[in-house]
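Please look at the sequence and the structure before reading on.

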Amino acid sequence: MGKEISCWVSRIAIAIFCTWVGADAYGATSNLSAKSIKIPFRYVQSFILVDVQIERLLPLKLIFDTGAEHTILFDRQVTDLFENIYQREIKVIGSDLQTELPALLSVPVSLSFGKAFQYQTPLIILQENNTSISRIIGENVHGILSASNFSNYLIQIDYSGKWIYLHPRSEKIPDAFHKVDLNMYKNKPYLETEIALANGTRQRVQLLIDTGASLSLLLYRDSTDRYAIPEALVPAYLGSGLGGLLTGYVGRTGALQMGKYVLREVVSHYMLVETPLAKAEKQVKNGLIGNLVLERFHVYLDYLSSKLYLKPSKKFDAEMPYDKSGMLIICGGDDLQRYMVGFVVPGSPAFEAGIREDDEILRVNGMPVSMLSLGKVNGLLQKRDGKRIRLLMRRDGSKYKCSFMLRSMI
């Protein structure tokens, strides 16, 4: 059997992270710059999307991911265009943490970010595209860009300006930033911190800092104190990823400590997976912190010194958004322009209105979905309690109308 990678792609939002098991020691190479490098990104559905060119020829759209040890492409159609690019076959462990998926390890290739930056790194390429992440985001995404490739730099993530800065290590962190110690494991940053439990006590946890996750907080249900599980939990779809589906629950954690800062009533996702690989994962971490928490800060990340630097942004005290309809919307069709219902929570407003999985949304509050981005539609479903949503739907070729009132279920 080839070397294995454990990867899963999930969403309540979607979390994406990868762990290399028994891998060769190799990494990216680049020419270190004496000046800061600016890489633009787009923030779509709480994912950081970066435009990259492979060998300065073919454009890729990758998710910038501090939770991934290596850069991964979802589809080999891109790399098949190059001769002698593959080193060997490997295995990828799917989203259920047990299904093996075939993949390929490439020779080092050039990834460039416009004229700003270029480096060489091997890629891991799935032999078959087993992800539906593009349907969740609403546009084609080609893979995951590991932030560890930039570990020789001081990484700044500007969520409001939508820039990633790669600063030389001599750069001085502004005094207004609060320094937090991290633990580095397999080129990934972990924060040892505290969460407030449902019974008012606190528990120490180790959480992956994961910019590849478009959620706020995810906890393994069986790796935290049983009193940490809130009473108000909603069954939820946690992802459609590499080789399988993930389900779990959504609720709220009383508080999350981020250095000297405290976030309260954090929307939290609870996952239970019982496999040998999952058991190994839980020995390293209790869960992860995603973009819906990180976007509340100005962020510097120093891999080599194992430090995280934080300063609250204007979003710090804003209410944490969460869907109040009880349905997950995904994109369909070759051009990802059709909006389909991917999952409905039993007993939710959408369920009570008669909406079911695979129904197609044609209009939202009288407006054709062709005039609305997926992000806009999801934003409407996160509005205040009591807001009425009117939909024109299609099921099995027949249209029907329905409406419901948004309601917080957690």
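## A salt-bridge network

Arg202 has a relative accessible area of 38% and is therefore partly exposed. The model is a predicted one. The partner of Arg202 in a salt bridge is Glu194, with 2.9 Å between the closest N and O atoms. Glu194, at 26% relative accessibility, is also counted as partly exposed. Through salt bridges with shared partners, Arg202 and Glu194 belong to one network with Glu192 and Arg204.

## Other salt bridges

The structure contains 15 salt bridges. One of them joins the side chains of Lys172 and Asp175, at 2.9 Å from N to O. Lys172 and Asp175 are both exposed.

## Aromatic pairs

There are 15 aromatic pairs in the structure. Phe177 and Tyr300 make up one of these pairs, with an edge-to-face arrangement, 4.9 Å from centre to centre and 85° between the planes. The two residues come from distant parts of the chain, 123 residues apart: Phe177 is in the loop between strand E16 (163-167) and strand E17 (178-181), and Tyr300 is in strand E26 (residues 297-302). Both Phe177 and Tyr300 are buried.

A further edge-to-face pair consists of Tyr261 and Phe316, where the centres are 6.1 Å apart and the planes make an angle of 65°. Tyr261 is in strand E24 (residues 261-271), while Phe316 is in the loop between strand E27 (307-312) and strand E28 (327-332), so this pair ties together parts 55 residues apart in sequence. Tyr261 is buried, as is Phe316.

## An aromatic cluster and charges over rings

Which residues form one aromatic cluster? The members are Phe64, Phe113, Phe117, Tyr119, Phe150 and Tyr153.

Charged side chains also sit over aromatic rings. Lys38 lies over the face of Trp163, 4.0 Å from the ring centre. The ring of Phe351 has the charged end of Arg356 over it, at 3.9 Å from its centre.

## A buried glycine

Gly342 is part of strand E29 (residues 338-344). Its relative accessibility is 16%, so Gly342 counts as buried, the limit for that class being under 20%. Along the chain Gly342 is 15 residues from Met327, and the C-alpha atoms of the two are separated by 7.3 Å.

## The cavity

Rolling a probe the size of a water molecule over the atoms shows where empty space is left. How many cavities of 30 Å³ or more does the count give? The count comes to one.

The largest cavity has a volume of about 30 Å³. Its lining is made up of Arg252, Tyr322, Asp323, Lys324, Ser408, Met409 and Ile410. By class, three of the lining residues are nonpolar, one is polar and three are charged.

## The second largest pocket

The second largest pocket holds about 260 Å³ of space. This pocket is lined by 13 residues, and those closest to its centre are Asp75, Asn129, Asn140, Val141 and His142.

Which helix gives the most to the lining of the second largest pocket? Helix H1 (residues 133-137) does, with three residues. The lining of the second largest pocket divides by class into four nonpolar, seven polar and two charged residues.

How values were computed. Residues are numbered from 1 along each chain as its sequence is written. This is a predicted model: local features need pLDDT of at least 70, side-chain atom pairs count only at pLDDT 80 or more; totals for chains, interfaces and linings use all residues. Side-chain values use heavy atoms; hydrogens and water are left out. On a 1 Å grid over the protein atoms alone, a cavity is a set of points where a 1.4 Å probe fits but cannot get out, and a pocket is an open set with protein on both sides within 12 Å along at least five of seven lines; lining residues have an atom within 4 Å of a point. Grid points are joined across faces, edges and corners, and a volume is the space filled by probe spheres set on the points. Ala, Val, Leu, Ile, Met, Phe, Trp, Tyr, Cys and Pro count as nonpolar, Asp, Glu, Lys and Arg as charged, and the others, Gly among them, as polar. A salt bridge is a side-chain nitrogen of Lys or Arg within 4 Å of a carboxyl oxygen of Asp or Glu. Buried means under 20% relative accessible area, exposed over 50%, partly exposed in between (1.4 Å probe, protein chains only). Helices (H or I, at least four residues) and strands (E, at least two) are DSSP runs, numbered from the N terminus. Rings of Phe, Tyr and Trp (its six-membered ring) pair if their centres lie within 6.5 Å; planes under 30 degrees apart count as stacked, over 60 as edge-to-face and the rest as tilted. A charge sits over a ring if NZ of Lys or CZ of Arg is within 6 Å of the ring centre and within 35 degrees of the ring normal.
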